[in-house]
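Thanks, everyone. I have one structure for you today, and I'll keep this short. Please have it open while I talk.

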Amino acid sequence: ISSESYGERLGEPMRTRNRQLPTAWRRRNKAARSSHGLRSLDKIFLTTEDTADSSCPGINDIQHVLGELLTIRAKMVAEMVRSQRCLDEIHINHQKSARNLLHYLALRCHDLRPLQQRLAELGLSSLGRAESHVLVTVDAVLGVLHRLKHRFWQPPAEEADVVDFANGERLLAEHTECLFGPASPGRGVRIMVTMPSEAADNFSLIYDLLQQGMDCMRINCAHDDAAAWLRMIEHLKRAEQLLGRSCRVFMDLAGPKLRTGPLEPGPAVARIRPCRDIYGKVTVPARVWLTPENSPELPPSPAVSLPVPPSWLARLHPGERLKLTDARDAKRTFTVFEVMDSGCWVEASQTTYVVPGTVLQKTIGTKGDDRKAQVGELPPGKKAISLQQGDLLILTRDLTPGCSAIWDSEGQLLTPALIGCTIPEVFDDVRPGESIWFDDSKIGGVIEKVESHRVLVRITQTPVNGGKLLAGKGINLPESDLRLAAMTAKDLEDLSFVAEHADVVELSFANSARDVELLQQHLARLGVRQPSIVLKIETRRGFDNLPDMLLMAMRAPCCGVMIARGDLAVECGFERLAEVQEEILWICEAAHVPVIWATQVLETLAKEGMASRAEITDAAMGDRAECVMLNKGPYVVHAVRVLDDILRRMQGHQTKKRAMLRELRLAHMLPIKIGTAPREK
């Protein structure tokens with residue numbers, strides 16, 4: 001029916017108009033009904049007689065749907081009244097957002113799927129995108145349902161001051177800019193980059209990252225020290241001035257990260273290996289960095305570094321050949337191809353094992369001892385504990401270097417493998433039968449016995465050919481009720497620097513509202529300057545207590561949430577990660593709190609220069625957050641460039657949960673002839 005004929009009938013009684021609409025027309029257009037409240041009424045004309053028409057599925061359910069939705073609404077309002085004391089503590093910037101969050105939590109206490117189906121059958125909003133404006137969405141649907149029953153309804157006047165459709169998006173945008181600063185032109189989602197240690201002495205790296213689109217610099221306080229952090233920040237300020245761009249500084253408190261203790265050191269040996277093709281032919285020679293042993297310099301790019309006498313090093317020239325006998329008594333040759341002030345690059349076309357004392361000898365030039373040089377001290381190699389399913393592993397309270405299992409000549413176990421734990425206090429909170437995971441869940445086990453000074457773990461999961469457990473690897477106890485404070489003594493020491501120099505402080509392993517409150521109190525004691533707080537959700541307890549922690553964080557003018565998906569996946573189970581991160585996104589959108597999408601985004605691209613297909617898809621999913629974090633790697637500048645391009649493309653397709661119907665290029669292929677087959681030749 002055209003809009004003109006519809007307009008001509010406006011003066012007619014609704015019952016008369018509706019009788020003239022064919023049942024087939026109503027059935028065809030049911031799928032096209034708008035999901036936005038009152039607009040549905042302009043598409044469907046329902047009367048009392050229509051409710052008996054079997055051709056209108058779902059119409060008989062109007063009264064039931066109306067009653068169910070009114071009951072849910074009453075509970076939403078009651079929840080806000082019960083929480084009034086909590087709301088009084090919320091900062092004025094978050095007052096409406098906190099009420100919206102409480103409405104959303106009350107709404108999601110119900111299984112809404114049957115109700116959603118019935119609402120969709122009526123051509124109404126199914127409440128599936130109500131996060132940022134919950135009560136007003138429910139009220140819009142209730143208004144239409146009442147009109148379908150020929151009744152007038154509007155919400156009580158005292159409940160009218162709620163977040164409407166436009167204000168929900170506006171509040172989230174305002175809070176996002178407060179936390180991350182202005183967005184880059186043409187891209188709403190910010191890009192955060194974690195600084196490697198080399199950024200303290202490499203201004204060009206920070207300049208290039210900022211130029212390619214970095215919006216936030218992240219400094220992890222678990223690495224480096226205050227002097228290095230300050231140099232990174234000074235490099236950033238200089239780059240901001242040169243490029244005319246702004247970038248926020250985020251500093252991450254290390255928190256009580258459970259890790260494996262040290263192991264007995266391995267042999268000091270440098271393994272040098274060129275790249276080969278499938279036939280074993282060398283495609284890229286190995287690069288080796290020769291550096292003065294009295295003042296060693298890190299190589300400009302990842303490579304094996306060998307310390308040698310500086311006087312001998314200073315006499316090397318491009319093209320010279322250096323002969324040596326490696327640790328396996330194999331004859332090898334290095335070729336000098338670049339000499340720099342801080343060191344020298346040589347190439348090796350054969351696999352070589354170098355140990356301290358290995359002699360390098362020039363094949364031409366000076367005679368006698370001046371032609372020779374010995375390799376200096378090398379760092380000890382990393383030793384690993386080999387574990388198989390069924391093995392016993394002893395976790396000790398002290399940090400005595402661990403070791404592998406010891407077997408006798410007949411294959412009988414003499415001593416199980418053992419390793420320490422960096423936070424022995426957890427021994428008081430673990431119980432037999434609880435699961436334990438090592439190294440991002442690569443190795444799993446079950447606690448068999450808890451003793452005063454050690455915990456016995458039976459290994460239940462390893463890779464197919466066994467697992468290698470190294471020192472400093474993460475330990476997760478997802479089923480244990482750990483009584484660990486979110487901030488350690490080191491965190492409190494670092495906090496004075498963070499409060500003075502950072503725009504935002506990230507609270508690692510935030511597990512309860514009390515953790516957030518303690519951080520706020522420590523910041524208040526440090527002075528007037530108050531950085532914003534980001535809650536890192538990386539444990540099961542943190543996920544369970546997210547609403548309480550948000551309400552505590554919203555006592556400040558600005559806050560955010562990071563989905564730290566590495567530990568969170570281990571804690572909640574990899575199969576649940578997608579579900580958990582979705583719930584975090586929903587709850588934060590209801591609170592109008594910006595979210596950081598973190599951990600392993602484009603990781604192989606940043607580390608190896610080539611991204612996997614799954615990583616590209618994951619990065620595109622990050623568009624549903626307000627910021628995406630990249631970790632460090634040799635190719636991180638390229639990763640920023642790629643991520644910037646992905647986010648700009650996705651911006652036209654997705655906003656939070658809502659698909660954006662940008663012009664579809666394939667639609668221009670019409671008209672398509674359907675059912676015509678090509679003529680056979």
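His-150 counts as partly exposed, because its relative accessibility is 47% and that class runs between the buried limit of 20% and the exposed limit of 50%. This is a predicted model, by the way. Where is His-150 placed? His-150 sits in the loop between α9 and α10, and α10 covers 165-180. Look at the backbone there. Phi of His-150 is near 60°. That is a positive value, and the residue is not glycine.

Now a second residue with positive phi. Leu-127 has phi near 70°, and Leu-127 is not glycine either. Leu-127 belongs to the loop that joins α8 (113-121) and α9 (134-148). Is Leu-127 buried or exposed? Leu-127 has a relative accessible area of 8%, so it is buried.

Next, a residue inside a helix. Ser-97 is part of α7, which spans residues 95-107. Its relative accessibility is 0%, so Ser-97 counts as buried. What does Ser-97 touch, once its neighbours within four places in sequence are left aside? The contacts are Leu-171, His-175, Met-554, Ala-590, Ala-591 and His-592.

On to a helix pair. Two packed helices are described by the angle between their axes and the distance between the axes. Take α14, residues 489-501, and α15, residues 513-526. They pack at about 60°, and their axes are 10 Å apart. Roughly perpendicular starts at 65 degrees, and α14 and α15 are therefore oblique to each other. The crossing of α14 past α15 is right-handed.

Which residues make that contact? From α14 we have Leu-492, Leu-495, Ser-496 and Ala-499. From α15 we have Leu-519, His-522, Leu-523 and Leu-526. Sort the contact of α14 with α15 by class, and you get six nonpolar residues, two polar and no charged.

Let me zoom out to the whole chain. The protein chain has 681 residues, and 46% of them count as buried. There are 22 helices and 31 strands. Now take the contacts between residues at least 6 apart in sequence. Of those, 71% join residues at least 24 apart. Last, the surface. The chain exposes about 34300 Å². Carbon and sulfur atoms supply 53% of that area.

Terms used. Residues are numbered from 1 along each chain as its sequence is written. This is a predicted model: local features need pLDDT of at least 70, side-chain atom pairs count only at pLDDT 80 or more; totals for chains, interfaces and linings use all residues. Side-chain values use heavy atoms; hydrogens and water are left out. Axes are lines fitted to C-alpha atoms, for helices over the stretch in contact, and angles run from 0 to 180 degrees between N-to-C directions. Helices (H or I, at least four residues) and strands (E, at least two) are DSSP runs, numbered from the N terminus. Angles under 35 degrees count as roughly parallel, over 145 as roughly antiparallel, 65 to 115 as roughly perpendicular and the rest as oblique. A crossing is left-handed if the near helix is turned anticlockwise from the far one by less than a right angle, and right-handed if clockwise. Contact means heavy atoms within 4.5 Å. Ala, Val, Leu, Ile, Met, Phe, Trp, Tyr, Cys and Pro count as nonpolar, Asp, Glu, Lys and Arg as charged, and the others, Gly among them, as polar. Buried means under 20% relative accessible area, exposed over 50%, partly exposed in between (1.4 Å probe, protein chains only). Accessible areas come from the Shrake-Rupley method with a 1.4 Å probe; for residues, only the protein chains shown count as cover.
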